[in-house]
Amino acid sequence: MKTGTSLSLLLEFLCGLWVQLPSRIKTTEEPGGLFICGPESKLVGDDASQSAVGGPSAGSSVGQLKSYFEELEEKLRVKTSLRMAFQCLSWISILLCIAQVSSMPTKCQLQQTLMAKTHNLLETMTGPVPLQCLDDIPVEIRSPTWALQSKNSKQDVGAAKAVYKSLMKVSSLMESDSFPQSWDADKLVKFQIIVDRQIEESECITRIKTQKEEDDFAVRDAALTDYFDKLEKLLKEKEFSVCAWEVVRREVLSVLQFILVENSNNFWLTV
């Protein structure tokens, strides 16, 4: 049974008890007050004939008095218990309502608008690639675009997780403080902020469960990890040179462009 259905049934049951409790509480009292006969046979209520606890007469024995007070104590205990139960059920019902609302399914998707802003900022961050860097592109570094693509709804989760992993890798690459001076510092900061925002707001993607036969994220993850590790290695080997950064920028641009163009509208949460 689904969680939402179970909570609804439990709430319905509690509501039934809630409706019954006031009537049960009233069995120990009436509009005129509690019908308690004191030791002098006087009522606290309005009608002596409806006494709930028969009081002893003025000449009652010690045993009769003891019996009277024990019966009175039990009557008060029952009333108190019913009132406490009513209060407890009230709190439980409120908590269950909150739980039911929080368990309602919500969309957990990447935001296309944010991805597009990320791409635009990186693209306009600097001018054309310097001529001396055109031949400085390692042949062995090629993005595994297949790992970022969703061809049908069954692949959406695996592809979304792969995109999320790519954003994390991009964020890690761009944490350096040795960027080319020709890059627009303001756009660079905005780029980093939006990438980090996407990571934070889309973290729920990592917790989406799928059928075992449909979960191909491990294969995608391995390919992406190898790809971004090569980019990081390039930066270090080239000592974070302008040309090395241009290679990284162009590669990340191609990855973002592929993500935006090659995935269906169902892949995105457009807000």
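# An aromatic cluster and helix packing

Modeller: F179, W183, F240 and W245 form one aromatic cluster. The model is predicted, so local features need pLDDT of at least 70 and side-chain atom pairs count only at pLDDT 80 or more, while totals for chains, interfaces and linings use all residues. Residues are numbered from 1 along each chain as its sequence is written, and side-chain values use heavy atoms, with hydrogens and water left out.

Colleague: How many aromatic pairs are there?

Modeller: Rings of Phe, Tyr and Trp (its six-membered ring) pair if their centres lie within 6.5 Å; planes under 30 degrees apart count as stacked, over 60 as edge-to-face and the rest as tilted. By this rule, the count is 5 aromatic pairs.

Colleague: Which kind of pair do W183 and W245 make?

Modeller: The ring centres of W183 and W245 are 5.7 Å apart. Their planes stand at 70°, so the pair is edge-to-face.

Colleague: Where does W245 of this pair lie in the chain?

Modeller: Helices (H or I, at least four residues) and strands (E, at least two) are DSSP runs, numbered from the N terminus. The pair links distant parts of the chain, 62 residues apart. W183 is in the loop between α4 (156-173) and α5 (185-201), and W245 is in helix α7 (residues 242-262).

Colleague: Is W245 buried or exposed?

Modeller: Buried means under 20% relative accessible area, exposed over 50%, and partly exposed in between (1.4 Å probe, protein chains only). W183, at 6% relative accessibility, counts as buried. W245 has a relative accessible area of 0%, so W245 is also buried.

Colleague: Which kind of pair do F240 and W245 make?

Modeller: F240 has a relative accessible area of 33%, so this residue is partly exposed. The centres of the F240 and W245 rings are 6.3 Å apart, and their planes are at 35°, so the pair is tilted.

Colleague: How far apart are the C-alpha atoms of G127 and W183?

Modeller: G127 sits in the loop between α3 and α4 and counts as partly exposed at 36% relative accessibility. Along the chain, G127 and W183 are 56 residues apart. Their C-alpha atoms are separated by 8.2 Å.

Colleague: How many helices does the chain have?

Modeller: From the N terminus on, the elements run α-α-α-α-α-α-α. With 0 strands, the secondary structure comes to 7 helices.

Colleague: How are α3 and α5 oriented to each other?

Modeller: Axes are lines fitted to C-alpha atoms, for helices over the stretch in contact, and angles run from 0 to 180 degrees between N-to-C directions. Helix α3 (residues 112-123) and α5 pack at about 155°, with axes 9 Å apart. Angles under 35 degrees count as roughly parallel, over 145 as roughly antiparallel, 65 to 115 as roughly perpendicular and the rest as oblique. α3 and α5 are therefore roughly antiparallel.

Colleague: How do the residues of the contact of α3 with α5 divide?

Modeller: Contact means heavy atoms within 4.5 Å. In α3, residues including L114, M115 and L121 meet residues of α5, F191, I194 and V195 among them. Ala, Val, Leu, Ile, Met, Phe, Trp, Tyr, Cys and Pro count as nonpolar, Asp, Glu, Lys and Arg as charged, and the others, Gly among them, as polar. The contact of α3 with α5 divides into 7 nonpolar, 2 polar and 5 charged.

Colleague: How are α3 and α7 oriented to each other?

Modeller: The axes of α3 and α7 come within 10 Å and cross at roughly 150°. α3 and α7 are therefore roughly antiparallel.
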